[in-house]
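The following report describes the structure shown below, moving from single residues to the chain as a whole. Please keep the sequence and the 3D view at hand while reading.

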Amino acid sequence: MGLFGSTDVGSQATAQNAQQQQQVNQAVGNINSAFSGFTPKFYQQRGQAYEDAALPQVGQQFQQTNQETQEALANRGLGKSGAADQANASLQQQLAGSTNQVANQAQQAQQSLQEQVANEQSSLIGQAQSAANPATVAGQAIAQAGSLQAPSVLAPIGNMFQQWANTWLAGKLNNAYSTPATQGGTVLPTGATTGANSIMSLSNQGGGGGGGSGSGGGNYNVNG
């Protein structure tokens, strides 16, 4: 034995450090195991779940806006005019743009969750490495991982067709065809005496909102 038992004290400290490190390693392993379910497939499924919840809302908004558009055109006697073709094509463009926007939002939600999971896992590992009792931190990991794996509730999306409706239903159609004129005993809106004149009147005001292409009213596909 060394002076004042220093050798025994040193050995004891070494053993305690080794035991502590073993507990830390075990806790880190348990934390990683608790988070092992967060695979690329998990995040892909979460993104798909977002789209599955949001796209039907886009479809409902499109149906409502399309109905209002057809009624507005019919009230002006333009149900089968060039002006109707232009309005319907613009509405289909808005549908395509809204669908793409949902896909982008789903990707963003997926990435945000992935970052949140990584930060939480890293934080728990750091706590385990500095805690007097690493096993306690490892026990918290199971609850934290379970909370992050729980399905999230998608809040109602905003009205993606409101701006389009403001531009077309409350703007272009009203402005272009507000003053009636007569032709052959039939009352027609100004600028709508012929299909060609209708298109020219609207074209001078520019296109509607949204991206993509398409024509016709009443057709949509948000499940692709």
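In this predicted model, Ala138 counts as buried because its relative accessibility is 6%, under the 20% cut-off. The residue is found in helix H4, which covers residues 134-149. Leaving out residues up to four places away in sequence, Ala138 touches Ala27, Asn30 and Ile31.

**Helix H4**

Which residues of H4 are buried? They are Pro134, Val137, Ala138, Ala141, Ala145 and Leu148. Seen down the axis of H4, these buried residues fall within an arc of 100°, and therefore they line one face of the helix. The other side of H4 has the exposed residues Ala135, Ile142, Ala143 and Ser147. The length of the helix can also be checked: at 1.5 Å a residue, the 16 residues of H4 should span 22 Å, and the end C-alpha atoms are 23 Å apart, which agrees.

**Gln61 in helix H2**

Gln61 has its place in helix H2, residues 40-75. Is Gln61 buried or exposed? With a relative accessibility of 14%, Gln61 counts as buried, because this value is under 20%. The side chain of Gln61 reaches the backbone oxygen of Gly158 at 3.1 Å. Apart from neighbours within four places in sequence, Gln61 is in contact with Ile157, Gly158, Asn159, Met160 and Phe161.

**Aromatic residues**

A pair of aromatic rings is described by the distance of the centres and the angle of the planes. The count comes to 6 aromatic pairs, and two of them are set out here.

| Pair | Centre to centre | Angle between planes | Arrangement |
|---|---|---|---|
| Phe35 and Phe38 | 5.7 Å | 35° | tilted |
| Phe38 and Phe42 | 5.1 Å | 85° | edge-to-face |

The arrangement follows from the angle: 85° is over 60 degrees, so the pair of Phe38 and Phe42 is edge-to-face. Together with Tyr43, the residues Phe35, Phe38 and Phe42 form one aromatic cluster.

**The chain as a whole**

The secondary structure of the chain comes to 6 helices and 2 strands. Read along the sequence, these elements follow the pattern α-α-α-α-α-β-β-α. Of the 224 residues of the chain, 33% count as buried. Among contacts between residues at least 6 apart in sequence, 81% join residues at least 24 apart.

**Confidence in the prediction**

The chain averages a pLDDT of 79, and 73% of the residues score at least 70. Among the elements of the chain, H2 has the highest mean pLDDT, 95, whereas helix H6, residues 195-203, has the lowest, 34. Over residues 179-224 the pLDDT is below 50, although this stretch has 88 contacts in the model beyond near neighbours in sequence. Where pLDDT is low, the predicted coordinates should not be read in detail.

Methods. Residues numbered from 1 in each chain as written. Predicted model: local features only at pLDDT ≥ 70, side-chain atom pairs only at ≥ 80, totals over all residues. Heavy atoms only, no water. Helix = DSSP H or I, 4+ residues; strand = E, 2+ residues; numbered from the N terminus. Buried < 20%, exposed > 50% of the residue type's maximum accessible area, 1.4 Å probe, protein only. Contact = heavy atoms within 4.5 Å. Polar contact = N/O pair within 3.5 Å; in protein donor to acceptor, adjacent residues only side chain to side chain. Expected span 1.5 Å × (residues − 1). Arc of directions from axis to C-beta. pLDDT = per-residue confidence, 0-100. Phe/Tyr/Trp six-rings, centres within 6.5 Å; stacked < 30°, edge-to-face > 60°.
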